[in-house]
Amino acid sequence: MKSDPDSLCRSIMSIPPAVLKPDDSLRLALETMVSHRVPALPIAERDGRYVGMLPRSRLVALAMPRALRREDAQHPLAHIQGGFIQDTLQTLQERIDAVAEDPVRLHCDPEAPVVGPEDPLMEVIRYLHRERTVLPVVDGGRLLGVVTVWDVLARLGRLK
Amino acid sequence: MIPATAPAEILGMSPLWLATLLMIATYGVIISERLNRSIVALLGAMLMIMLGLLTQEQAVAGIDFNTIGLLVGMMIIVSITRKCGVFEYLAIWSAKLVRASPAGILAMLAVVTAVVSAFLDNVTTVLLVVPVTLIITEALKVNPYPFLFSQILASNIGGTATLIGDPPNILIGGQVGLSFNDFVYHLTPVIVVVLAVHIVSMHLIWGRKMLSSAELRARVMAFNERDAITDARLLKLAGAVLALVIVLFVLARPLGLDSGTIGMAGAALLMMLDNLGKSAEEQSESVVKVFNEVEWITIFFFIGLFIVIAGVEHAGLLRLLADQLLAATGGDFATTGFSILWASAVLSAIVDNIPFVATMIPLIKSMAPAFGGAEGLLPLWWCLSLGACLGGNGTLIGASANLTVAGIAERNGIPFRFGTYTRVAFPLMLVHVAICHVYLWWRYF
């Protein structure tokens, strides 16, 4: 049975405002992310092969002391609050400066969830309900587009 | 039907041989680390019953619930206490006490780790101290490796000082009926000396060469340790309960209380205080969280081991081994003691010390007639404890705290290799055991 095209991910997919290349610097990624106000940017090779996602939480994490950078609540160090640290803006900037020229591929998340254009729309909705991020749409290893919560809301409100 | 006595032959083998084979197979699979150790111990235990070497009743009687009660009770108390941030407070406070000088911090954090570890289990201690250490060393821009290395050794050294510091001590204390005070009176003095030697060796190997600029030190001096306390009410409650538990441990004998009862009573009291005034829903959520933090792998591992050991003991193997050991040492008390000390140390550096200690306890107990009754065995328990606990420092796989620190270090981009660690740690461990040898010889033999 053929699925209704409107029940598939393809129907709400959009073109990302920017795609990073693996060798772009972290500074460029930060500037792009700030200027477009997006929660994550996809990274792909020049020929369109998908590499991974760079979430903004990763950039914030890089400004913190290393022992506090963890995204997993089950991690044994997750209970450390670090409330005693009195870092100034300058110290945080120094940490970012130290990695600013790193290529983004060093910091991307290759394990971030991806969806295919033929995946059910509901799968995407369930995911975006839990996580505030951007889902890359990948087909045959190539980046086709992204799905954001804005794409979903625009369609839900019949704005698009 | 449950057989009243062990049959003469099972599967064509004498019960003694079968029990021995089963124990060797169980320990072999535990050492191979192919299967989680709690599963292996439970399988071995159930086979002891199913093959008719033990009845279910005998197996249950073999489980030392005093030890289990103390372990679970302390795990609950610690899981609640650590939430309030007091250990982060201690680490920061001690670093500021030495004006954030790297060499001073290296020494102070070893002391803090050892003292905390004397009251909490070693893995919990390093999980609390290591993250703060990483934050401090990053701020000072010094190599964190010496600090982490020193804390591994300090946690195992400090844990040896008391009844509740390290699982081998909990096992020995629980099974032999030794009190908190016995451990403090007999072990703490030599542990203080070993810790001092450890701190001096860390200074000579690394501390004296460490440098950091005044500007970076000012960064650490700016840390506000008071902000580390996340829950002041909980801190007061947990502090009061922990103090009460220690007072009860000290008075255990005149009060006629066993350590398992004290640990469990402390856990129940602290859970009650922590949940007063909460809604029924919040209470079940908080209690489930606390029970989830009990290390069930360790608990079931102990339960399985107790049954396996009850099986070999019942079959007469331990009696036989004790006779062999006595024959080998010519029945000489000091030789027996020192053999236990050194064998425990070297074995504990290579394999898990818990099965070893759990097997040695009934074995040493059965030597009582040769050495003037149960009272006469006292020095042998200290040999076993010092060897098994300090031996764990010898290699990276010698104790769970070692692997925990190595794991955190690797995740934070600090290489922590078996060979690099062992090259420095093993000789230091031998020095520590040698100090204990002299102490035991001077005091007991």
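Trainee: In which loop of chain A is A:Arg37 found?
Mentor: Keep in mind that this is a predicted model. A:Arg37 is in the loop between helix H1 (26–36) and S1 of chain A.

Trainee: What should I look at in A:Arg37?
Mentor: Look at the backbone angle. Most residues other than glycine have a negative phi. A:Arg37 is not a glycine, yet it has a positive phi of about 55°.

Trainee: Is A:Arg37 buried or exposed?
Mentor: Count the neighbours. A:Arg37 has 8 other C-beta atoms within 10 Å, so it is exposed. The cut-off for exposed is 12 or fewer.

Trainee: Is B:Ala100 buried or exposed?
Mentor: B:Ala100 counts as buried because it has 23 C-beta neighbours inside 10 Å. The cut-off for buried is 20 or more.

Trainee: How do I read a strand?
Mentor: Now take strand S1 (residues 40–44) of chain A. On one side are A:Ala40, A:Pro42 and A:Ala44. On the other are A:Leu41 and A:Ile43. These residues are all buried, and both faces of S1(A) are covered.

Trainee: What follows for S1(A) as an element?
Mentor: Five of its five residues are buried, so S1(A) is largely enclosed by the rest of the structure.

Trainee: Which strand is joined to S1(A), and by how many bridges?
Mentor: Strand S2 (residues 50–55) of chain A, by five bridges. The two strands run antiparallel. To see the pairing, find A:Ile43: it stands opposite A:Gly52 in S2(A).

Trainee: What lies between S1(A) and S2(A)?
Mentor: Five residues, and the two strands form a hairpin. In the turn, A:Gly48 has a positive phi of about 95°.

Trainee: How many helices and strands does chain A have?
Mentor: Five helices and four strands. From the N terminus on, the order is α-β-β-α-α-α-β-β-α.

Trainee: How many does chain B have?
Mentor: Chain B has 24 helices and zero strands.

Trainee: How do I read a helix?
Mentor: Think in turns. An α-helix has 3.6 residues a turn, so residues three or four places apart point the same way. Then check the length. Helix H8 (residues 145–159) of chain B has 15 residues, which should span 21 Å at 1.5 Å a residue. Its end C-alpha atoms are 21 Å apart, which agrees.

Trainee: Is H8(B) enclosed or open?
Mentor: Largely enclosed by the rest of the structure, because 14 of its 15 residues are buried.

Trainee: Where does B:Leu269 lie?
Mentor: In helix H15 (residues 259–275) of chain B. With 16 other C-beta atoms within 10 Å, B:Leu269 is partly exposed. Look also at B:Val241, 28 residues away along the chain. The two C-alpha atoms are separated by 7.4 Å.

Trainee: What is the radius of gyration of chain B?
Mentor: Chain B has 23 Å. A compact globule with 445 residues would be near 22 Å, which agrees. As for burial, 51% of the residues of chain B count as buried. In chain A, buried residues make up 26% of the 160 residues.

Trainee: Which residues have the most contacts inside the largest nonpolar core?
Mentor: B:Ile77, B:Val129, B:Val357 and B:Leu384, in a core of 148 residues. Helix H7 (residues 122–140) of chain B gives the largest share of this core, twelve residues. A second, separate core has 27 residues, including A:Met33, A:Leu54, A:Val104 and A:Cys108.

Trainee: What does B:Leu384 touch, beyond its neighbours within four places in sequence?
Mentor: Its contacts include B:Ile172, B:Ile340 and B:Val357. B:Met360 and B:Ile364 are also among them.

Trainee: How many residues of each chain are in contact with the other chain?
Mentor: 13 residues of chain A are in contact with 19 residues of chain B. On the side of chain A, the residues divide into seven nonpolar, five polar and one charged.

Definitions and conventions
Residues are numbered from 1 along each chain as its sequence is written. Chains are lettered from A and ligands numbered from 1 in the order in which they are written. This is a predicted model: local features need pLDDT of at least 70, side-chain atom pairs count only at pLDDT 80 or more; totals for chains, interfaces and linings use all residues. Two residues are in contact if their C-beta atoms, placed from the backbone, lie within 7 Å. Ala, Val, Leu, Ile, Met, Phe, Trp, Tyr, Cys and Pro count as nonpolar, Asp, Glu, Lys and Arg as charged, and the others, Gly among them, as polar. A nonpolar core is a set of buried Ala, Val, Leu, Ile, Met, Phe, Trp, Tyr and Cys residues joined through C-beta atoms within 7 Å. Two strands pair if DSSP finds at least two bridges between them. The expected span of a helix is 1.5 Å times one less than its number of residues. The radius of gyration is taken over C-alpha atoms; the globule rule is 2.2 Å times the number of residues to the power 0.38.
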